[in-house]
Amino acid sequence: MWSARTGWALLAPTLIVLAVTGLAPFFYVLYVSFFNWNVFSAQAGLSFAGLENYRRLVFDQAFLSSLWITIKFTFWAVLSEIVLGFLLAQLLTRDFPGKAFFRTIHALPLMVAPIAVGATWRLMMIPGFGPVPYYLQQWFGIEYNIGRYSGQAFWTTVLMDVWHWTPLVTLTLLAGLISLPREPFESAQVDGANALQTFRYLTLPMITPVMLTTLFIRIMDALRIVDEVWMLTGGGPGAATRYTGIHLWREVFPKTDYGYGSAMSMLLLYFTIVLSWLLFVAITSRGSRVT
Amino acid sequence: MSKERYGRKLRGNILVYLVWVLSTLLTLLPIYWLFLVSIRSRVQLFGTPSLMIHGVYTDNYASFFGDATFRRYLLNSIIVSTSNAILVAILAVMATYALSRWRLQGEQNIFFWTITNRMAPPAAFLLPLFLLFTRVFKFGGWDLFDTRLGLILFYTVFNLPFAIWLLKGIIDSIPIELDEAAMADGADVKTVLLRIIVPLAAPGIAISAIFSWVFSWNEYLLAATLTSVNARTITTGLAEFVTVTGTNWGEMAAVSMVALLPALIFLALVQRYIVMGLTFGAVKE
C-alpha cells in the first residue's frame, strides 16, 4: 500500500484541479501577453507583438502611478497595523475579566466580506449621507468629502484597511507573545532591566519571526486590495485611489485590450511570486511555527 | 500585596479597559450604523444622521427577499459556497494524507506552489480566467462562463492551499501505527482514510470547510467578472447597488447585513482558528 503510485494517486485530483485553475491560466496569459489582441480593433484575432506589450507597460504613466500609490497605501496601512496591533497584543497578554469578549469582537472584521466592508464604510463616509462628514462639519467645521479631495480619499482607504486588518496583526503577534519562554524575562527583571530594555533586547528579537510572517502576509494582501476600495471610492476621485488591482480590472475589460492586459497580469504575478518566495523562505527558515 | 502595588495594578487595568472599550466601539460603530440604515425608511434617512434607533422598518429586508433576482443571488452564493467547501475538504484530505505519509519527489515545491496560488492577486487571474472560461473550456454551445460550476472550481485555487496547510499538522500527528494496524487486518487506502483519518481529523476538516465556505461567500472580483446573469452571487448583487441604483441606501444596507451575516454566525465557531486560517498555519495559537 505504501507504493509511490498510491501516494501520487491520492495527490492527483488536487494537482489536476490546481493545474487547471492555477497553472493553465498562467501559461495562457503568458502566451497572450506576446500578442496584440483587441476584440474591437479592425484586425480580428491575435497578431504576434513580441515584447511590445511589456515595452508599453514600462512607459505607461497610468499604470506606473497606480503601482506607486498602491505601494504608498501598503506602506502606511501595514505600518499602522503593525504598530497598533503590537500595542493591542501587549494589552492582551495579561488576564483580565472580559478579555475573551473583547478578543472576539476585535476579530469580527476579519470574517466580513471585503465588499461588505466597503459598503459599510461607504455608508459612513459618503458626503451628504454618512455621519462622519456630517459631524466633522457640525462639530469641528472640517469639510470632509472623499468624492472631492484626493488626500482624504487616500487616507480613508488606509483607515478602512486598518479597521479591517489590524485584528489579524493583534492575534498573530499575541500568539507569538504568549508562546515566548518566561525565564529570560524573569532573569531580566532580577537584573533590573527597565521596560524599554526588555522590549529592545528580549521581546523584539524573539518576536521577529512571527512579526516577519505577519508583515509579509499583510503586505501581500494589501498590495492586491480591490473590493473594499472599489466600493468606497470607485478608485476616485480622479485616480487617487485607483490601486493596481482596480486599474488592471477597469483598464482591461472595458477596453478589451487583452494582449496588453495579459502583460500587466504577468507583471503583477511576477512580483507576487517573488514576494511569496521570500515569505516562504522567511516562514520555513526562521522556524516561526509557533505551537 | 502592598497598597502601592495594588494601586499600580488597578491603574494598569483601567488603562487596559479604556483601550479595549474604545477599540470595541470603533470596531462596532460602522456595523451598528449599517444596521441602523437597514432598518430606516427613505424619509428617516434624510437630514441629521442620528445614531439612535427610531423604530424598526422592515421594508428594506422585505424588498430584498421579495425580489426574485436577489433570491437567486442568495441561492447561488449558498450553493457555490457549500459545494466548494465539500470539494475542498475531499481533495484536501486525500492530498494531505499523501503528503503526510509518503515522501514524494518535489513535495516542498508542491507546497510552495500552493501558497503562490493563494497569494496571487485575483486581479491578475481575471483576464486569463475570463478568456479560458469563454474561449477554451467550451464544448459546443456550452462554456464555463456564468456557471456556478466555474466559480466552485476556481475558488479551490484560493481555498485548497489553506486546507492542506491546516490538515498537514493534524494528519501528521495521527500515528502511522494506526494505519498499519488496519492494513494488517486487510484494509485498503480508502478504508483507512474513511475509518481512521477522517474521524480523527474531523475538527480540522470542519474548520477548513468553514473557512472555504466563508471565503467563497465573501469573494467578489472573480464572481463579478466570470458571471453575468445566472450565476451571480450576493456580493456582486451588493456591488450592483452602488453602480446601478445609486442612492437606495436602506436596501443597500439590508443587502450588506445579509452578506455579513455568515461572518457573525461563524465567528464564534472558528474564532480560535482565525489566526491559523489567515496565515495558512504559519502562525498557530
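Colleague: How many helices and strands does chain B have?

Modeller: Chain B has 13 helices and two strands. Helices (H or I, at least four residues) and strands (E, at least two) are DSSP runs, numbered from the N terminus.

Colleague: And the ground rules?

Modeller: This is a predicted model: local features need pLDDT of at least 70, side-chain atom pairs count only at pLDDT 80 or more, and totals for chains, interfaces and linings use all residues. Residues are numbered from 1 along each chain as its sequence is written, with chains lettered from A and ligands numbered from 1 in the order in which they are written.

Colleague: What does chain B average in pLDDT?

Modeller: The average is 83, and 89% of the residues in chain B score at least 70. pLDDT is the predictor's confidence in each residue, from 0 to 100. The model scores ipTM 0.85 and pTM 0.86.

Colleague: Which element of chain B has the lowest mean pLDDT?

Modeller: Helix α13 (residues 274–278) of chain B, with 69. Helix α3 (residues 68–101) of chain B has the highest, 92. Where pLDDT is low, the predicted coordinates should not be read in detail.

Colleague: Switching to packing. How many residues are in the largest nonpolar core?

Modeller: It has 155 residues. Ala92(B) and Leu167(B) have the most contacts inside it. Such a core is a set of buried Ala, Val, Leu, Ile, Met, Phe, Trp, Tyr and Cys residues joined through C-beta atoms within 7 Å. The largest share, 15 residues, comes from helix α6 (residues 148–172) of chain B.

Colleague: Where does that core lie relative to the domains of chain B?

Modeller: Domain 1 (1–57) and domain 2 (66–278) of chain B both give residues to this core, so it lies between them. The bounds come from an automatic or database domain assignment.

Colleague: How many residues do those domains have in contact?

Modeller: Eight residues of domain 1 of chain B are in contact with six of domain 2 of chain B. Contact means that the C-beta atoms, placed from the backbone, lie within 7 Å. The C-alpha centres of the two domains lie 34 Å apart.

Colleague: What is Ala92(B) in contact with?

Modeller: Leaving aside neighbours within four places in sequence, Ala92(B) is in contact with Leu160(B), Ala163(B), Ile164(B), Leu167(B) and Ser208(B).

Colleague: Now the chain interface. How many residues of chain B are in contact with chain A?

Modeller: 75, against 79 residues of chain A. Helix α1 (residues 3–38) gives the largest share of the chain B side, 13 residues.

Colleague: Pro121(B) next. Where is its place?

Modeller: In the loop between α4 (107–119) and α5 (122–136) of chain B.

Colleague: Buried or exposed?

Modeller: Pro121(B) counts as buried, because it has 22 C-beta neighbours inside 10 Å. Buried takes 20 or more other C-beta atoms within 10 Å of a residue's own, exposed 12 or fewer, and partly exposed is in between, with C-beta atoms placed from the backbone. Leaving aside neighbours within four places in sequence, Pro121(B) is in contact with Leu223(A), Arg224(A), Gly245(A), Leu268(A) and Thr272(A).

Colleague: Backbone question: what phi has Asp146(B)?

Modeller: A positive one of about 65°, although Asp146(B) is not a glycine. Asp146(B) lies in the loop between β2 (142–143) and α6 of chain B. Asp146(B) counts as partly exposed, because it has 16 C-beta neighbours inside 10 Å.

Definitions and conventions. Two residues are in contact if their C-beta atoms, placed from the backbone, lie within 7 Å.
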